[in-house]
Amino acid sequence: MRGLRIYAIAYLVFLYAPIFLLPLFAFNDADIIAFPLSGFTTHWFEELTRNAALQAAVRNSLIIAASTAVLSTILGICAARAATMADWPLKRPMMGLIMLPLVLPEIIVAVSLLVVIVQVFGLGLSNATIIAAHTLICMPFSIAVLNGAFQNLDPALEEAALDLGESRWSAFRLVILPLVMPGIISSLLISFTISLDEFIIAFFLSGANPTMPVYIWGLLRFPGQLPVVMAMGTILVALSIILLTIAELMRRRGLKRAGLKDTGGFL
Amino acid sequence: MTLIQLSGVNKHFGDYHALRDIDLEIQQGEFFSLLGPSGCGKTTLLRTIAGFEDVGSGSIRIDGRDMKGVGPNLRPTNMVFQSYAIFPHLSVAENVGFGLRRADMTRDEKTRAVGEALEMVGLGGYGGRAANALSGGQRQRVALARALILKPKVLLLDEPLSALDKKIREQMQVELIKLQREVGITFILVTHDQEEALVMSDRIAVMFDGGIGQMDDPETLYRRPRSKRVAQFIGMMNFLDGEVAATGTEIEVTVQGLGRCSVAAEQAPGAVAPGPVSIGIRPETLSLLFEGETTTRKEVAAVVDEVVYYGDMTYYDVRVDGIEKPLTLSMKNLIGRPVLDVGTQTRVAWDERSLVLLGH
């Protein structure tokens, strides 16, 4: 028991200590990343606002992340809805295959997509190609979240709405949609976060317009820029934590609204 | 007036024959029950009337209109679901008024209708509450109000009381009967609880394996079950083997342990032919004779085998010569009447009028 507790603490230290270094050096008044710390500054954050190339990369990333979130959530709603319906042929293998990108190595996905897009379809690399690829890797997460939301619903709720005179579509809109809304928001936020800091696929598939993670990687070649990267990373980590927390809160609210017990989640 | 008419309704789920040749007519204003063990098809039958399931073959007519291809949203039926299906994101009033969304009514008229519907089910003043904050019994009332506000021709109830405690269930049974008389709407109730069906219904259809075993009013169903299966499902029944010697207005039959009897033809509601037959006797039609007691009925010697005390009643299992299984009989616990011990030698009074000859 005692050993397990020490293990758990060590695990958490290894996981989070490096992340705590980010804000530490982001506010450190020195060009090099080393102890001892030499004083407080917001200089590196000011530098961020003056870097036009970085701002373009951030804008790119936001567009990609927002589009990915919407696309993967819409597709996720369709898949989760199909999964709650009565059994249709190949339903199980199909649902399994949809979830596969969750465990596929991203580098494999990235390389094969690059081959397909450039060699097979002869298309150029653009934001659109990254959006398509990010949608592919975000969909399993969307489906996992939305599946929970849809499957927690009593099928009699939809029948009751039909019975009270609503059409299939209005029953969906008036009863199902509001009840799965927390799941939808949760799915949007998770996909957005995953896409925003995804590197490997974006690195392979971005054309002349790098995303933020790809741009940051490029900066690493210039040691003088390291504290700026630290500042950027601080903002990213804060944003990710905030978004994931909101996503989890929405998921729990959804469970509570449907009057159900919590059976686990991402946080 | 016939309101609902089902003729030759069949339904398959894959290889499973869920409904077999259902023919039935339900009258306007009737309280009709579909009773049967789980898996007998009663809920499927209700759902085909509601429009949630298609019929494989046969037809359903409601108020003279063929319901083929008519969706549940367009049928003059409303349903109270087993889980109640209260919309958890809406208030009580919004739940009850849900079906009025498409109605041609002003906002004030709708508000008034919702108020009246809540009043009718005894939930006046609960409109503003969240649906999640209600107890089981209250949710059931909301489901009722939500269905009845649309003034359907038929109200379908799918085991509406099965999720409630015994006390509340019995109270709701009485309230449902009153409510049905008040609104005059035809009710179709699905239940697996034979007591509930007997208490509430004008008529009951007992279902087995997708077919209707017997359809009668509660008293006929209890007193004159047509088959052993129906008799087993409704109330308690002793079964004896016998042999029919002659049929006619009086049926001559030899009953094991009781000897030769002659019973009226109406006591054999199922078809009976000369030969072996199963004979049913209800426990309350037999009685123990205490010491010194005499009777004008027939009597037979017996030994007490088992005693179960229920407070108002005592159930005895007694052994009678010539009958391999003990007979169950019930005695009211009147003042001064003793409860006999196991092993007591006693006599049982019986009557030819209490025998029911059962078909197969």
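Predicted model: local features only at pLDDT ≥ 70, side-chain atom pairs only at ≥ 80, totals over all residues.

Q: How much of chain A is buried, and what is its accessible surface?

A: Of its 267 residues, 42% count as buried. The accessible surface of chain A is about 14,400 Å², and carbon and sulfur atoms account for 73% of that area.

Q: What share of the chain A contacts join residues at least 24 apart?

A: The share is 68%, taken among contacts between residues at least 6 apart in sequence.

Q: Which parts of chain A does UniProt annotate as "transmembrane region"?

A: The unreviewed UniProt entry gives residues 6-27, 62-83, 95-118, 130-150, 170-192, 199-220 and 226-247 of chain A.

Q: What does the model show for residues 6-27 and 226-247?

A: Residues 6-27 of chain A are 95% helix and 0% strand, with end C-alpha atoms 31 Å apart. Residues 226-247 of chain A are 100% helix and 0% strand, and their end C-alpha atoms also lie 31 Å apart.

Q: Changing topic: how many salt bridges are there over all chains?

A: The count over all chains is 21 salt bridges. One of them joins A:Glu158 and A:Arg81, whose closest N and O atoms are 2.9 Å apart.

Q: Which residue of chain A does B:Arg102 meet in a salt bridge?

A: B:Arg102 meets A:Glu166, at 3.0 Å from N to O. B:Arg102 lies in the loop between helix 2 (92-96) and helix 3 (107-120) of chain B, and A:Glu166 in the loop between helix 7 and helix 8 (168-196) of chain A, so the pair joins two chains. A:Glu166 is buried, with a relative accessible area of 1%.

Q: What about B:Arg347 and B:Glu299?

A: Their side chains form a salt bridge of 3.1 Å, N to O. B:Arg347 belongs to strand 19 (residues 345-350) of chain B and B:Glu299 to strand 16 (residues 298-309) of chain B, so the pair ties together parts 48 residues apart in sequence. Both are partly exposed: the relative accessible area is 24% for B:Arg347 and 39% for B:Glu299.

Q: Which residues are linked in a network of salt bridges?

A: One such network links A:Glu159, B:Lys11, B:Arg47 and B:Glu53.

Q: What does UniProt list for residues 4-234 of chain B?

A: The unreviewed entry lists "domain: ABC transporter" for that span. In the model, residues 4-234 of chain B are 34% helix and 27% strand, with end C-alpha atoms 25 Å apart.

Q: Now for the backbone. What is phi of B:Asp63, and of B:Glu159?

A: Phi of B:Asp63 is near 55°, a positive value in a residue other than glycine. Phi of B:Glu159 is near 40°, likewise positive. Most residues other than glycine have a negative phi.

Q: Where do B:Asp63 and B:Glu159 lie?

A: B:Asp63 is in the loop between strand 4 (57-62) and strand 5 (65-66) of chain B, and is partly exposed at 36% relative accessible area. B:Glu159 is in the loop between strand 7 (154-158) and helix 5 (166-183) of chain B, and is buried at 8%.

Q: Finally, what is A:Ser195 in contact with, leaving aside its neighbours within four places in sequence?

A: A:Ser195 is in contact with A:Ile64, A:Ala65, A:Thr68, A:His134 and A:Cys138. A:Ser195 sits in helix 8 of chain A and counts as buried, at 4% relative accessibility.

How values were computed:
Residues numbered from 1 in each chain as written. Chains lettered and ligands numbered in written order. Heavy atoms only, no water. UniProt positions renumbered as here; feature names shortened; annotations may be inferred. Helix = DSSP H or I, 4+ residues; strand = E, 2+ residues; numbered from the N terminus. Buried < 20%, exposed > 50% of the residue type's maximum accessible area, 1.4 Å probe, protein only. Contact = heavy atoms within 4.5 Å. Areas by Shrake-Rupley, 256 points an atom, 1.4 Å probe, with all protein chains shown as cover. Salt bridge = Lys/Arg side-chain N within 4 Å of Asp/Glu carboxyl O.
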